[in-house]
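Open the model in your viewer and keep the selection panel at hand. The stops below tell you what to pick next.

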Amino acid sequence: MSVLAALRRRPAGLFGLLVVAVLVVSSVVSIWWTPYDPLGTDPRRAWLLPMREGHLLGTDRVGHDVFSQLMAGAWQTLAVAVLVALIAGTLGLALALAAQLTPRPVASVFAQFIDLGIAFPALLLAMVLAAVYGGSLLTVAVAIGISSGVAVARVMRGEVARVLDSDFVLAARASGASTWRIVATHVLSGVRPTLIVQLSTMMALAVLAEAALTYLGYGNSPSSPSWGGILYEQQNFIRVRPLLVVWPGLAVAVTVLGFNLLGDALRTVTDVRLRDEARRR
């Protein structure tokens, strides 16, 4: 309750929470119900404008209900964002701990691996994996998650080093605490605020990357509606019905903004240093 109460005092964080909540609810509801069949066509109701004949956002050239397609595409967007956060968080934190806790020669190898991984573009890795294993939701998530995990590791490495050099960790070592106990008790809680911001940023980037890859034809199959797929299908008719491109583009932009604002607000709430500074102000 304290986190929710703190978010209530931050309009930007509250807006981000609202956007993410709408995305989650839409994704879950779309599994069982949408106003119309997202893949159903009705040529008699093609090119309908918004709010016509029961279609909230109108229809496209073959009669697809745009609102239903956006709802169905929200599930794919949320799934990629969550999978990327899990992969990036686990990989990034593991690499950061390995680069700081292993002997110096081994730590140097991990540090070089992190620097090398950052130089490899995430979209290029996703394209390579898609060419080898075929375009799918899992392929996109794994590719973006691995690339994002290396970026997270670079940031978290500095945070882990900062916590390990703190006075309370030195005191814990002097009292005989094991390395794993120090990691579980002090390091994880110390790096949590920064990790939250990093994961929220990676989820926002995952939304953009998933839309871009689907737009380029490397995403999920056409049988599963996605925001990037809608953009790709409607780009040729932008002069006829520009709103058909505006709706999925707006959904991507608002979702990315929501993840970023929520992550920044959660960092302010969970970081003791920032919270104390806010109280003093």
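**Stop one: a buried serine**

Select S148: its relative accessibility is 7%, so S148 counts as buried (under 20% relative accessible area; exposed is over 50%, partly exposed in between, with a 1.4 Å probe and protein chains only). This is a predicted model, where local features need pLDDT of at least 70, side-chain atom pairs count only at pLDDT 80 or more, and totals for chains, interfaces and linings use all residues. Residues are numbered from 1 along each chain as its sequence is written, and side-chain values use heavy atoms, leaving out hydrogens and water.

S148 sits in helix α6, residues 137–164 (helices are DSSP runs of H or I, at least four residues, numbered from the N terminus). Now show what S148 touches: V84, A88 and M202, leaving aside residues up to four places away in sequence. Contact means heavy atoms within 4.5 Å.

**Stop two: a helix pair**

Select α8 (residues 179–216) and α10 (residues 243–270). Their axes come within 8 Å and cross at roughly 175°. That makes α8 roughly antiparallel to α10 (an angle over 145 degrees). Colour the contact by class: 12 nonpolar, 6 polar and 2 charged residues. On the α8 side, pick out residues including R192, I196 and L208; on α10, F259 and R267 are among them.

**Stop three: annotated spans**

An unreviewed UniProt entry annotates "transmembrane region" at stretches including 12–33 and 109–131; such annotations may be inferred rather than shown by experiment. Select 12–33: 95% helix, 0% strand, end C-alpha atoms 31 Å apart. Then select 109–131: 87% helix, 0% strand, with 29 Å between the end C-alpha atoms.

Conventions. Axes fitted to C-alpha atoms, helices over the stretch in contact; angles between N-to-C directions. Helix = DSSP H or I, 4+ residues; strand = E, 2+ residues; numbered from the N terminus. Parallel < 35°, antiparallel > 145°, perpendicular 65-115°, else oblique. Nonpolar A, V, L, I, M, F, W, Y, C, P; charged D, E, K, R; others polar.
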